[in-house]
Amino acid sequence: MNKRFVLLLIALFIGSNSLHAQPLWEGKWIYERYLSSIGGSLQITNCRDNKCHFEIITYHGAHTCDINGEMAVNENTAVFTDKAEEFEPETPYIIKFTLDAQKRRITVKKEDKNSNIYCGMRGYFEGEYEHETNPLRYKTDFDCWGDDLTAAQKEICASEDLSKADLEVAKNYAHLKTDEWYAKREQCAADEKCLWEFYVKTIRNGYEKRAEKPLNLFEYLGKCPEYMYPDSLILFQDYLQNNMAKEDYDEMRISLSDRYSENGENNQYCYYTYGVPGLYTLYETAFYIDAKEIWLAFISANYDDENKNHIIVYAPHGKTENDIPKKFEDWIERLKKNYPQGIKLKYFREHQND
């Protein structure tokens, strides 16, 4: 066979594969879609001749990143190289893209030697981007990308709360996951409420067996565990769901991102605060726990006009503003200038320890 003809066939084969791969890159890809305080997108368009145009816009609270340009594509990898004047010629800015065509994900990573010149002080763009058409699949103890998921597993994968509960069981109470346990879970099928109650019961039973005594919510929270709410403290989350107004619970949760905790002297109390980076006077939450009481306070810019200018404080029954713990007083004082109507006091439905 003519050598030139063979080389032409090889070139056509490589070229056709490259052209076939490039459309897989196109579309809108969502950044870290499972994290509440981080988000954004990667938009890829005009893929041809082994090149695609891209634009990345991400946020971490109020801190943002904005990058756009042309990346060179080689099947499932791509590279963006910026040789702008502000870079040294020998150290251009390089971003690498890796496509997982099966899972419809793109991993984005910059060279370690490059700084975040495209971002604000606490902005990020490195990480996972999922195609916008992908169904939600949170991280669980099983593979949410499997082909033979049960109805219960699909519901767990699609729920932020259930996925956290599943990880909590796997982390601390894996010995309870017997064949009977799995069978009972499957009986819930796609019923989210049934699954949540099942996981809460599992975690509560596991905790009580390990502690060798009935659950004491105050003791449970007062330990200020390293993993901290809301990542793993499912029993406290269940308490809040059952004892707060639904609209308050929903609004309070959006501000639980960056976390800080403090133990009182001799563990007399535990105090947690949360805030969205760069938006600390718009979305913040704090709660206080001692041997007998739970207090929770939060602000949310998403509220309607009636509640927007208030600091919402949930208190034990019978308590007044004069009983607010000193830690809360300091937190509230800092926010008063932004919330002129002051405190709106509410009460947990369930009575706390006397």
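The model is predicted: local features need pLDDT of at least 70, side-chain atom pairs count only at pLDDT 80 or more, and totals for chains, interfaces and linings use all residues. Residues are numbered from 1 along each chain as its sequence is written, and side-chain values use heavy atoms, with hydrogens and water left out.

Helices (H or I, at least four residues) and strands (E, at least two) are DSSP runs, numbered from the N terminus. Strand β13 spans residues 311-315 and is mostly covered, with five of its five residues buried (under 20% relative accessible area, 1.4 Å probe, protein chains only). In a regular strand, side chains alternate between the two faces of the sheet. Ile-311, Val-313 and Ala-315 lie on one side of β13, Ile-312 and Tyr-314 on the other, and both faces are covered.

Strands pair if DSSP finds at least two bridges between them. β12 (residues 294-300) runs antiparallel to β13, joined by three bridges. Here Ala-297 stands opposite Val-313. β14 (residues 343-347) runs parallel to β13, with five bridges between them. Ile-312 faces Lys-344 of β14. From β13 the chain crosses through helix α10 (residues 326-335) to β14, in a right-handed β-α-β crossover (clockwise from the first strand over the helix to the second, with the strands pointing away from the viewer).

Elsewhere, the axes of α5 (residues 192-211) and α7 (residues 234-243) come within 9 Å and cross at roughly 130°. Axes are lines fitted to C-alpha atoms, for helices over the stretch in contact, and angles run from 0 to 180 degrees between N-to-C directions. α5 is therefore oblique to α7 (under 35 degrees is roughly parallel, over 145 roughly antiparallel, 65 to 115 roughly perpendicular, the rest oblique). Contact (heavy atoms within 4.5 Å) involves residues including Trp-196 of α5 and Ile-234 of α7.

Key: Buried < 20%, exposed > 50% of the residue type's maximum accessible area, 1.4 Å probe, protein only.
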